[in-house]
Amino acid sequence: MTPRIESLRDYIVEKKHIATRRTVDWDAILPPEEGSTRCSRAADILRAVLAEEAKTPVFLPNETIAFTRSCANLPERYSDETMAKLRKEAYFHEKGVVFNLSPHFADTMAVGLDARRAEVLERLERAKAEHDDAGIDFLHAVISGIDAILNLSDAYQKAAAAQGLTLIAETLQQVPRHPARSFHEALQFLRILHYALWCEGAYHNGVGRFDQFLMPYLEKDLAAGVLTEETALEMLEEFFLTFNRDSDLYVGVQQGDNGQSMMLGGCKKDGSDAVNPLTYLALRASCELKLIDPKINLRVSSQTPMKLLEAATELTRQGLGFPQYANDDVVIPGLTRLGYSLEDARDYTVAACWEFIIPGVGMDIPNIAAVSFPAVVNRVMRSAQGKATDSFPSFMHVIREELFAEADRIAASLEKVDMLPCPMVSLLCDGRVEKGRDLCEGSRYNNFGIHGTGLAPAVDSLEVIQKLVFEKKELTLDELAACVDANFHGYEKFLSEARNAIPKMGNDDDEADAIGVELLTDFADSWENRINCRGGIYRAGTGSAMYYIWHANELPASPDGRLEKEPFPANYAPSLNVQVAGPISVVKSFTKPDLSRVINGGPLTIELHDSVFRHEQGISRVASLVKLFVDRGGHQLQINTINRDQLLDAQEHPEQYHHLIVRVWGWSGYFVELDKPYQDQIIKRAEMTL
């Protein structure tokens, strides 16, 4: 890290730039909601926000890649009253706008916004000739957004020139109006576009396959001698710092949950190797900066060399909680099985956390709902007494029926799903201008993703039921329900037996793991061949998102010995407080199911004690663990480096741990900024060594 980057990093980390922020009274600025269409309302908001931003361009000391938010708050698309009315007519997910996807930045960066504006104007004339009112409305909104971005860029350019910031001024004379010609101009162009999408109200905008669409610019500059690897690294590190300027203002369940993910590596659309020098350079930049953004994802396969796995493991050693690995050998066939073309499947990235999406053509809603496996077990445990459940296989048949019933209930609640438009996001997605319709109306892929939470507690509970109810006959289902309802008070014998004497998923126990295989197979079957209201399909997955806290709070204790209010494990992982033999046994257990059938995403999450990296061979051993996971058919993996004693001390003395990073579910954040339930859940995760 050069002194310039170190100084700029310190400035951002110490939050000195927030002194430039101001709170805006948007009600006094925005036109009234009444009389506006959905597209024109989106345009009004973006135009107003960028006009306010243009009043006070912000430049940080020694930066060369500009654009920093000065408005501390952004306006909501509609008032609470208006949104309440809209929600009575249809289901609007989260804030209701287009979000949690990966735009296609490359095409616009290659031609510039002036050319895109001319393209939209030409399409607008055709819409007028066809008397296409909806198209006219959408295309006017796109033009308004382009003009707002250009006006803001011009304001920054003039301010930079006036302050003697020659490089920034010269860069902004070229981009975003005209094509990016160099690596630096491409990074500045990307910063402007990504910045504008947040200002439009779209959130969790993934960066996509960063090393693929930026590599041509870098390659050209390296070949011409304009850049060396070291000067390119400095430029890249400055760009990575831009993700950390405004992230505290971004929407999320917790601070740091902002969806600023990028994908590296993998294969190209033709199947050839996509790993390039920028892949390694991005890993190195992230490793040196040691910040939570951007979140790094790395596509790997059985052919990935150990050199790349070891470079990636260096990030794990820093305690960043990434990279998150995705296995092409499983993901690509899984996506094609769901109807994605082979070319698109090879081009996959992640949306915000882990959900797979195709850049520029995916309007999937990959986190629209979640199934709680422990809740299914809880309901069947209470309803199966007296049914044809004289054996454990017959009990599991009722579990399967309940999974299908739960899928029916969720699908019925999603019979009409609507979204509010984001015209600038649409500009960056393939074919939307040509069709004259916003992305919210659909794209090539319009699938819904369903999380599956608490798999391990459900499996462990079912194993308790198999052993204590059906094999040993120590208690009936009703008596087991009474234990659970009492939070095991007065049933300490059964609690001890459930926790300590029954096999658990994560220890490579074939009997317990077979239940996991069956449960995931039934879950996948329950969503197979269902068509959603937008013409897409449903994708089952093993992710949990924040539901590992929410779903657990909705349940009493569970038969596995989990007490009331104790959280589930995050994502796809062993139950909390379960003694597992080690990470190798965890990998073996959790790679037994056919994970290509639950390909919405959801990483196996493993915690390693930081002492693993105190040994000389720590890097190679952890990299070998990643390879084991890939070779055994795992789909996604995240490895976190933690120290429980340090986390406990951070709870007691947060002022000493401002920069302590942890992996939460599909993202990394600063431990002391998390709410206590999330801190406590991380502390309870099993620390393992190799």
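Is Thr-316 buried or exposed? With a relative accessible area of 1%, Thr-316 is buried, because a residue counts as buried under 20%. The model discussed in this report is a predicted one.

Thr-316 belongs to helix α13, which spans residues 306–317. Apart from residues up to four places away in sequence, Thr-316 touches Phe-322, Pro-323, Phe-613, Ile-639 and Thr-641.

Pro-423 lies in helix α18, which covers residues 423–427. When neighbours within four places in sequence are left aside, the residues in contact with Pro-423 are Cys-39, Ala-42, Phe-138, Ala-141, Val-142, Glu-200 and Asp-438. Pro-423 can also be compared with Leu-139: these two residues are 284 residues apart along the chain, while their C-alpha atoms are separated by 8.0 Å.

## Helix α8 and its partners

Two packed helices are described by the angle between their axes and the distance between the axes. Helix α8, residues 183–200, has its axis within 9 Å of the axis of helix α2, residues 38–55. The two axes cross at roughly 120°, and α2 and α8 are therefore oblique to each other. The crossing of α2 and α8 is right-handed. On the side of α2, the contact is made by Ile-45, Leu-46, Val-49, Leu-50 and Glu-53; on the side of α8, it is made by Tyr-195, Ala-196, Cys-199 and Glu-200. Sorted by class, the residues of this contact between α2 and α8 comprise seven nonpolar, no polar and two charged.

Helix α8 also packs with helix α7, residues 166–174, at an angle of about 75°. The axes of α7 and α8 are 10 Å apart. The contact of α7 with α8 has three nonpolar, four polar and one charged residues.

## A parallel sheet of three strands

Strands of a sheet pair through backbone hydrogen bonds, either parallel or antiparallel. In what order do the three strands of the open sheet lie? The order is β8-β10-β11, and the pairing is parallel. The edge strands are β8 (365–372) and β11 (538–540), each of which pairs on one side only. From one strand to the next, the twist averages 30°.

Strand β10, residues 448–453, pairs with β11 in the parallel sense over three bridges.

## Backbone features in the loops

Most residues other than glycine have a negative phi, and most peptide bonds are trans. The following sites depart from these patterns. Which residues are joined by the cis peptide bond with omega of about 10°? They are Val-175 and Pro-176. Another cis peptide bond runs from Asp-293 to Pro-294, with omega near -5°. Pro-294 is found in the loop between α12 (277–289) and β4 (295–300).

Positive phi values occur at Asn-100 and at Phe-488. Asn-100 has phi near 60° and is placed in the loop between β1 (91–97) and α4 (106–111). At 2% relative accessibility, Asn-100 counts as buried. For Phe-488, phi is near 70°. Phe-488 lies in the loop between α21 (477–485) and α22 (492–500), and Phe-488 is buried, with a relative accessible area of 2%.

Terms used. Residues are numbered from 1 along each chain as its sequence is written. This is a predicted model: local features need pLDDT of at least 70, side-chain atom pairs count only at pLDDT 80 or more; totals for chains, interfaces and linings use all residues. Side-chain values use heavy atoms; hydrogens and water are left out. Axes are lines fitted to C-alpha atoms, for helices over the stretch in contact, and angles run from 0 to 180 degrees between N-to-C directions. Helices (H or I, at least four residues) and strands (E, at least two) are DSSP runs, numbered from the N terminus. Angles under 35 degrees count as roughly parallel, over 145 as roughly antiparallel, 65 to 115 as roughly perpendicular and the rest as oblique. A crossing is left-handed if the near helix is turned anticlockwise from the far one by less than a right angle, and right-handed if clockwise. Contact means heavy atoms within 4.5 Å. Ala, Val, Leu, Ile, Met, Phe, Trp, Tyr, Cys and Pro count as nonpolar, Asp, Glu, Lys and Arg as charged, and the others, Gly among them, as polar. Two strands pair if DSSP finds at least two bridges between them. Buried means under 20% relative accessible area, exposed over 50%, partly exposed in between (1.4 Å probe, protein chains only).
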